[in-house]
Amino acid sequence: MMAEAGDGGPRLAELLALGRRLWDELEASTEPSSGAPAVQDKVRQGLDALQRAAAMVAQLELFSENEELEEIASADLKFMLLPALLGALTLKQVDLSRRREHLESAREHFLRFLKLCRSYGLGSFQLPAGTPGQEEAGKEARSPREPGQPNLVAMAMSRSAKIERYKQKKELENKLASMSSSVESGTADEAQIREFYTLQIQKWIGTSLEEIESIDQELVILRSRDAARQAPAGPRGPSRPAKAPMKPFILTRDAAQARVFGLGYPGLPTMTVDDWYEQRQQQGVLSAPQRVPGTNDEDLQKQQQEAQEEADDEEALQKARDWDDWKDTHPRGYGNRHNMG
């Protein structure tokens with residue numbers, strides 16, 4: 001059955017040809033940036049044409065799982081490429097905010113193309129992992145191994161498959177190049193046309209498998225990044241109450257020193273040791289000293305005085321007292337008159 005479009009609109013073949021031409025131009029483009037307006041305009045036009053063509057194919061029910069490849073007209077084989085071309089053009093979009101959406105959409109297009117080819121027996125390949133119906137079979141085929149250990153057999157098979165696909169791709173490209181002129185000029189016969197489109201399909205099978213593998217790798221990165229952004233902050237210990245910043249002050253031995261230093265530095269408050277200790281106790285920074293049961297304030301003071309007298313000899317005590325007396329009558333900065341005129 002030959003495919004035709006509805007009355008008054010472009011034919012199915014014209015829409016496919018437009019989308020294919022735009023794709024070829026994008027592949028041969030020398031634009032330095034894929035985000036250039038001219039490039040993205042061609043991407044949008046190509047997607048629009050191919051999407052309209054895909055809708056016509058679905059409406060016409062051009063392909064069915066219940067028919068054989070021989071039942072498809074040779075001229076209609078080229079329409080099997082629509083999902084693959086849609087996937088390739090979808091990847092050309094550069095909107096970073098929708099990158100994950102574009103990757104998932106392109107993967108669906110490539111996968112739809114591979115399933116269509118598989119249903120008609122075109123090409124010998126395995127559908128990518130994660131495809132419905134293939135995941136459980138893959139679990140049975142995998143041999144048990146220790147977690148974290150790379151599956152060297154699978155890696156070797158994957159590398160071998162890539163090398164084989166690359167060789168097939170080069171062979172197909174050479175055959176297609178030699179046949180394209182006769183097909184496009186209309187001089188090719190039915191058998192040549194059928195072979196030409198079959199080779200194109202096989203070439204895009206290899207491209208689709210490569211693109212899905214690349215897409216899956218990028219999706220892993222994007223999903224990990226999104227999960228890290230959405231993950232709640234980890235549990236933290238109880239937060240400590242913020243401490244009020246301490247204002248600078250002059251710490252003195254007693255009230256007499258406080259009065260003297262207050263005169264020398266009127267901008268700074270003075271505080272005795274007892275005042276400072278009491279203030280820090282009220283703020284909860286210092287705890288009250290542990291008292292031995294059965295002792296009162298007078299006993300505690302007497303014990304401290306006796307211990308001090310035993311620790312210091314007379315001469316050292318006298319020097320300390322003289323130094324204290326001198327500081328009482330000489331505030332800080334006293335005598336510092338150098339270069340003051």
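Analyst: Contact here means heavy atoms within 4.5 Å. The model is predicted, and the answers below should be read accordingly.

User: With which residues is Leu-116 in contact, leaving aside its neighbours within four places in sequence?

Analyst: Leu-116 is found in helix α4. Heavy atoms within 4.5 Å make a contact. Leaving aside neighbours within four places in sequence, the residues in contact with Leu-116 are Phe-63 and Met-80.

User: How far apart in space are Leu-116 and Met-80, C-alpha to C-alpha?

Analyst: The two residues are in contact, although 36 residues separate them in sequence. From C-alpha to C-alpha, the distance between Leu-116 and Met-80 is 7.7 Å.

User: Does Leu-116 count as buried or exposed, and why?

Analyst: Buried means under 20% relative accessible area. Leu-116 has a relative accessibility of 19%, and therefore counts as buried.

User: Is Arg-107 buried or exposed?

Analyst: Arg-107 is found in helix α4, which spans residues 99–119. Not counting residues up to four places away in sequence, Arg-107 touches Pro-128, Ala-129, Ile-212, Ile-215 and Asp-216. The cut-off for burial is under 20% relative accessible area. Because its relative accessibility is 14%, Arg-107 is buried.

User: Which element supplies the largest share of the largest nonpolar core?

Analyst: This core has 57 residues, of which Phe-63, Met-80 and Phe-113 touch the most other members. At least two residues come from each of α1, α2, α3, α4, α6 and α7. Beyond its neighbours within four places in sequence, Phe-113 is in contact with residues including Met-80, Ile-201, Trp-204 and Ile-205. With 11 residues, the largest share of the core comes from α7.

User: Which element gives the most to the lining of the second largest pocket?

Analyst: This pocket holds about 890 Å³ of space. Its lining has 36 residues, and Arg-20, Asp-24, Leu-81, Gln-200 and Trp-204 lie nearest the centre. Two or more lining residues come from each of α1, α3, α6 and α7. Giving 8 residues, the element that contributes the most is α7.

User: How many residues in the lining of the second largest pocket are charged?

Analyst: By class, the lining has 19 nonpolar and 3 polar residues. The number of charged residues is 14.

User: In which helix is confidence lowest?

Analyst: The chain averages a pLDDT of 78, and 66% of the residues score at least 70. Over residues 131–148, pLDDT stays under 50, and the model has 6 contacts beyond four places in sequence for them. Confidence is highest in α3, at 97. At a mean of 43, confidence is lowest in helix α5.

Conventions: Residues numbered from 1 in each chain as written. Predicted model: local features only at pLDDT ≥ 70, side-chain atom pairs only at ≥ 80, totals over all residues. Heavy atoms only, no water. Helix = DSSP H or I, 4+ residues; strand = E, 2+ residues; numbered from the N terminus. Buried < 20%, exposed > 50% of the residue type's maximum accessible area, 1.4 Å probe, protein only. Core = buried A, V, L, I, M, F, W, Y, C linked by side-chain atoms within 4.5 Å. 1 Å grid on protein atoms, 1.4 Å probe; cavity = no way out; pocket = protein on both sides within 12 Å on 5 of 7 lines; lining within 4 Å. Points joined across faces, edges and corners; volume = space filled by probe spheres on them. Nonpolar A, V, L, I, M, F, W, Y, C, P; charged D, E, K, R; others polar. pLDDT = per-residue confidence, 0-100.
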